[in-house]
Amino acid sequence: MSIESKLIALGLALPDVPKPVGNYRPAKRVGSLVFTSGQTARINGVRRYVGKVGREVSDEEAYLSARDAALNCLACAGWAAGGVDHIVQVVKVIGFVNCVDGYDKQPAAINGCSDLMERLFGEAGAHARSAIGVNALPSNVSVELEMVFEVA
Amino acid sequence: MSIESKLIALGLALPDVPKPVGNYRPAKRVGSLVFTSGQTARINGVRRYVGKVGREVSDEEAYLSARDAALNCLACAGWAAGGVDHIVQVVKVIGFVNCVDGYDKQPAAINGCSDLMERLFGEAGAHARSAIGVNALPSNVSVELEMVFEVA
Amino acid sequence: MSIESKLIALGLALPDVPKPVGNYRPAKRVGSLVFTSGQTARINGVRRYVGKVGREVSDEEAYLSARDAALNCLACAGWAAGGVDHIVQVVKVIGFVNCVDGYDKQPAAINGCSDLMERLFGEAGAHARSAIGVNALPSNVSVELEMVFEVA
């Protein structure tokens, strides 16, 4: 079953590859590794879940924000790898959560990415992960993720 | 002399591998690289050095927090590599310090990790490193580290 | 045309390799990858663009801060690779911007790095990139960058 079919079965879809806003690329491949650029929940140009978690953005929205950022990371990896079905495994995720001082549930937000990877790739979706809080993100989004994939 | 013997000689010990709090793993291996998940000073389940550096947590405690987070990173790398003695070299450290606005001694905190790596691995412990301040971390810990190791 | 010649043509120069302030190195090579340590705009020991973007540091200064941090990353990569002309391609950039809460133009700052890489390396300078806001950085600098290069 292809990744795109699995996404559809989950009620999701692979978004358009987000257009970089500078002299960089959606992702870069070196050997069998693909590093994605930082992605947000702006799916097909529509920005959602804007603001700080713990103030304008709820825990549930932060989870969805990480899930949608992960969809964009998948699209970027597919762009660099010649399609998402060339992904062999998920290696690493770092998730930055735009949050109020003292907010401490960043891992629950980044589960929005990790849960999706497990559903799409099973054991190959297991990854190393860091969840970090920050005081500001581009365009005031609530979550920014970057990912590393191994590709065929 | 094994890494565990060296730790004992330093009055330290390899902690239990921290249990992930989501669909991710303590570390992920790809080729000869192991990427750890973000680790904190929660050793064997006991959380220490909680709060912001520059307010609740002193510079000295931040140093120990980074040292203990590095011990957890070692445990994670050993989990992925079939034992810590399979570590060939330390490649990279990124350390996030939960701190008050304007705090500027993040490098002194992350020295708690770097000094330990030098003591355990000598020249092979030398690594690239970034030290970053942030306004919030999971469970309000004072330091979170992720590391990259080369393994045999 | 060598990288150093291209820098001179741009009115720039390769700085001295910044001295680490702890038990780490300017960069670390593993296989064909070089990971740099986090770099700032402190060129040849002179610290510039100090403070928070959105308060003491303007958008234009933040751009220059990222450009100068990128020059230091180049110097570090050259240190690890036996010269900057051994760089094959730029793989990845992560840029941390010390900024006020709610500041949202981190990508414009990190363009100072990305634009320079494009000018120096052309298509080989294209990279994956993340731009992140934070509330504090070492020595209160406005931008800290770490980079990954592929080297020959």
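Where is G122(A) found? In this predicted model, G122(A) lies in the loop between α3 and β4 (128-134) of chain A. This glycine has 10 other C-beta atoms within 10 Å. A residue counts as exposed at 12 or fewer, so G122(A) is exposed. G38(A) is 84 residues away from G122(A) in sequence. In space, their C-alpha atoms are 23 Å apart.

Helix α3 (residues 106-121) of chain A packs against helix α2 (residues 59-81) of chain A. The angle between them is about 40°, and their axes are 7 Å apart. The crossing of the two helices is right-handed. On the α2(A) side, the contact is made by D59(A), A62(A), Y63(A), L64(A), S65(A), A66(A), R67(A), A69(A) and A70(A). On the α3(A) side, A108(A), A109(A), I110(A), N111(A), G112(A), C113(A), L116(A) and M117(A) take part. Of the residues in this contact, 12 are nonpolar, 3 are polar and 2 are charged.

Chain C is superposed on chain B by a rotation of 120°, with 0.0 Å of shift along the axis. The RMSD is 0.0 Å. The two copies are therefore related as by a three-fold rotation axis. In chain C, V134(C) has the C-alpha nearest this axis, 3.1 Å from it. Only 9% of the interface residues of chain C are also interface residues in chain B, so the copies meet through different surfaces.

How values were computed: Residues are numbered from 1 along each chain as its sequence is written. Chains are lettered from A and ligands numbered from 1 in the order in which they are written. This is a predicted model: local features need pLDDT of at least 70, side-chain atom pairs count only at pLDDT 80 or more; totals for chains, interfaces and linings use all residues. Axes are lines fitted to C-alpha atoms, for helices over the stretch in contact, and angles run from 0 to 180 degrees between N-to-C directions. Helices (H or I, at least four residues) and strands (E, at least two) are DSSP runs, numbered from the N terminus. A crossing is left-handed if the near helix is turned anticlockwise from the far one by less than a right angle, and right-handed if clockwise. Two residues are in contact if their C-beta atoms, placed from the backbone, lie within 7 Å. Ala, Val, Leu, Ile, Met, Phe, Trp, Tyr, Cys and Pro count as nonpolar, Asp, Glu, Lys and Arg as charged, and the others, Gly among them, as polar. A residue is buried if 20 or more other C-beta atoms lie within 10 Å of its own, exposed if 12 or fewer, and partly exposed in between; C-beta atoms are placed from the backbone. Copies are superposed by least squares on the C-alpha atoms of residues with pLDDT of at least 70 in both.
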